[in-house]
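Colleague: Could you walk me through this one, a question at a time? I am new to reading structures, so please show me how you get to each answer.

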Amino acid sequence: MPERTPDVSTATVRGLKPRQLTMMGLGGAIGAGLFLGSGKGVAVAGPAILISYIVAGALVVLVMWMIGELSAANPTSGAFSAHAQNAFGPVAGYTVGWLYWVQLAVVTAAEANGAATILTGILGESVVGIAVPPTWVLSVVFMAVFTVVNMFAVSKYGEFEFWFAFLKVGVILAFLVVGILMLLGVLPGHEGGLSNFTDFAPTGIAGVGAGLLIVIFAFGGTEIVAIAAGETADPQKSVATAIRTVAWRIVLFYIGTVFIIVAILKPSQADAPEGPFAAVLNVAGLPAAGSIMALIAVFALLSALNANIYAASRMMHSLAQRNYAPAAIKRTASNSVPRRAVLLTVSFGFIASILEAIFPGKVLETLLSIVGSTIIMVWISVSASQITLRHRRERENPGVKSTTYRMPLFPFLSYLTVALLVLIIVVAMLDPATRTQLLLTVTATILIALTGIFVTRRTEQPTAVHADTHE
């Protein structure tokens, strides 16, 4: 049966500029994972957490190359969900799409709560005699503000996120400079040198394994490039540029900043409430700078929150266009924004924030444990889809270069990616905490797949998912 062309009222527009796409990729990845999660990783594994970051960084680069090829061949907001559907059928597309949406819905609530927690820590109980609202109230306010931001036309949203991400990148570069000066003994508070590395792995390989899922979760967000490709001008060229730029910068920022943190802070100092960035600057005797850095961490979390609302709403809109979500979600507003998808996405965050206030320390922690390994499942789907679709294209069009961006050294690096993912799963299974998290995510994946079997059998399915239709 031929595919129907979506009505104008369900179409999006190619309103994002290449520079916005690049900064969105950076902004999506630089959030809670770096500003807060890195401290937790150091506390678990000590300086050996660098091994986790190097392995995860190499994996991120490989996965992004795969995403680049898939998105250049078929730029759609359904991204890896659509690619999985093209490679393995409707149930795979349904499962990957909804699993990713659930993950982002939970993460947005966690980021809003994390930003609110840091901000209340900075402000204290009152400011100029005015009581500071409780954490959950600030969390709800943040969710409301960025709901409004995501209602803007995609070009305006992209510009907002560009400058938000630009701020984070500037702060990280400044932090790297300060950290290097401390290690050289130029700034007070640290005698210089790398004495912390004498006890490189205080918890052994178990610590590296325990820190691995923390690190993988931290790198999550880079995949927003694939989702935003569907709304970017000249997506084939823009995606290739963004992938090349984002991949190495993220690895540099993460590994560079974590190196500074482990070289200056003891593991017991790294998991400070204000975050490891502020803790490093406090060691340097710059408490005001530490408070400013904590405030920057708030902005970083809010930027990632903003990016995740965007990514989740576009994924839900794509699912609706494939009849995997209520038909009403297909509709877009006059500015071509899928506002109903935005509202449904953030409603989950509002509910989670309120429940967290009623049951502090339980709701978000439980939800995050369920979706904590989701990024691994998504990357597995990306790897399997890229290998399958690349072989299919080469079989159907022998000798023809079918895309403007292709995975280097195929198939060797593609299979190396699969091997690294298997390694991470094996190492994670060795630690009770990460094993539980991984098994919970697998269980959630299976449950979504079972609902997918039911839904896809009862809805009209296209033979393939192609690039988005735009106004």
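Colleague: Is tryptophan 101 buried or exposed?
Modeller: Keep in mind that this is a predicted model. Buried means under 20% relative accessible area. Tryptophan 101 has a relative accessibility of 9%, so tryptophan 101 counts as buried.

Colleague: What kind of aromatic pair do tryptophan 101 and phenylalanine 348 form?
Modeller: A pair of aromatic rings is described by two things, the distance of the centres and the angle of the planes. Here the centres are 6.3 Å apart and the planes are at 80°. Planes over 60 degrees apart count as edge-to-face, so tryptophan 101 and phenylalanine 348 are edge-to-face.

Colleague: How many residues apart in the chain are the two partners?
Modeller: Tryptophan 101 is in helix H5, while phenylalanine 348 is in helix H14 (residues 339-358). The pair links distant parts of the chain, and the separation is 247 residues.

Colleague: What about tyrosine 157 and tyrosine 310, is that pair stacked or edge-to-face?
Modeller: The ring centres of tyrosine 157 and tyrosine 310 are 5.0 Å apart, with the planes at 10°. Planes under 30 degrees apart count as stacked. The pair is therefore stacked.

Colleague: Which helices hold tyrosine 157 and tyrosine 310?
Modeller: Both tyrosines are buried. Because they sit in separate helices, the pair ties together parts that are 153 residues apart in sequence. Tyrosine 157 lies in helix H7, and tyrosine 310 in helix H13.

Colleague: Let's turn to the largest pocket. Which helix gives the most residues to its lining?
Modeller: The largest pocket holds about 1200 Å³ of space and is lined by 42 residues. Among the elements that give two or more residues to this lining are helix H2 (32-45), helix H5 (90-123) and helix H18 (432-457). With eight residues, the one that gives the most is H5.

Colleague: Is proline 202 buried, exposed or partly exposed?
Modeller: Proline 202 is in the loop between helix H7 (154-183) and helix H8 (204-219). Leaving out residues up to four places away in sequence, proline 202 touches Ala45, Gly46 and Pro47. Its relative accessible area is 40%, so proline 202 is partly exposed.

How values were computed:
Residues are numbered from 1 along each chain as its sequence is written. This is a predicted model: local features need pLDDT of at least 70, side-chain atom pairs count only at pLDDT 80 or more; totals for chains, interfaces and linings use all residues. Side-chain values use heavy atoms; hydrogens and water are left out. Helices (H or I, at least four residues) and strands (E, at least two) are DSSP runs, numbered from the N terminus. Buried means under 20% relative accessible area, exposed over 50%, partly exposed in between (1.4 Å probe, protein chains only). Contact means heavy atoms within 4.5 Å. On a 1 Å grid over the protein atoms alone, a cavity is a set of points where a 1.4 Å probe fits but cannot get out, and a pocket is an open set with protein on both sides within 12 Å along at least five of seven lines; lining residues have an atom within 4 Å of a point. Grid points are joined across faces, edges and corners, and a volume is the space filled by probe spheres set on the points. Rings of Phe, Tyr and Trp (its six-membered ring) pair if their centres lie within 6.5 Å; planes under 30 degrees apart count as stacked, over 60 as edge-to-face and the rest as tilted.
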